[in-house]
Amino acid sequence: MAASYIVALKIQYPAGTALANINATLRNENTNESETLTTNSAGEVIWNLGNLPSEFARNDKITVFSLYQGFQQSFSFAVPNVGESVPV
């Protein structure tokens with residue numbers, strides 16, 4: 001059974017209105033594996049790094065990005081120790 005590490009994202013306008021049906025991609029920079037998901041009606045998307053073919057390891061660099069009407073937003077982080085979270 002694959003280990004779990006959840007990455008959750010919410011895409012919205014600055015005023016707080018959720019953006020549905022927006023593609024967002026998560027990529028493990030160490031393995032170059034990625035998964036693209038589409039936001040739900042609340043503008044949310046949730047990945048489990050354990051679902052990637054090579055899963056993940058501590059300190060793997062993860063990048064999440066999305067493109068909407070010509071604007072791209074992205075962020076990166078390193079997978080932390082078990083029990084730790086990473087605010088971005």
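Q: A nonpolar core is a set of buried Ala, Val, Leu, Ile, Met, Phe, Trp, Tyr and Cys residues joined through side-chain atoms within 4.5 Å. Which residues touch the most other members of the largest one?
A: This is a predicted model; local features need pLDDT of at least 70, side-chain atom pairs 80 or more, while totals for chains, interfaces and linings use all residues. Numbering runs from 1 along each chain as its sequence is written, and side-chain values use heavy atoms, without hydrogens or water. The largest core has 17 residues. Those touching the most other members are Val7, Leu26, Trp47 and Leu49.

Q: Is leucine 37 buried or exposed, or partly exposed?
A: Leucine 37 touches Ile22, Asn23, Ala24, Val45, Ile46 and Trp47, leaving out residues up to four places away in sequence. Contact means heavy atoms within 4.5 Å. Its relative accessibility is 23%. Buried is under 20%, exposed over 50% (1.4 Å probe, protein chains only), so leucine 37 is partly exposed.

Q: How far apart are the C-alpha atoms of leucine 37 and asparagine 21?
A: Along the chain, 16 residues separate leucine 37 from asparagine 21.

Q: What geometry does the pair of tyrosine 5 and phenylalanine 77 have?
A: The structure holds four aromatic pairs (ring centres within 6.5 Å; stacked under 30 degrees, edge-to-face over 60, otherwise tilted; Trp by its six-membered ring). The ring centres of tyrosine 5 and phenylalanine 77 are 6.5 Å apart and the planes stand at 35°, so the pair is tilted.

Q: How many residues apart are tyrosine 5 and phenylalanine 77 in the chain?
A: Tyrosine 5 is buried at 15% relative accessible area, and phenylalanine 77 is buried at 10%. Their pair links distant parts of the chain, and the residues are apart by 72.

Q: What geometry do the rings of tyrosine 13 and tyrosine 68 adopt?
A: The centres lie 6.2 Å apart. The planes of tyrosine 13 and tyrosine 68 meet at 75°, so the pair is edge-to-face.

Notes
Helix = DSSP H or I, 4+ residues; strand = E, 2+ residues; numbered from the N terminus.
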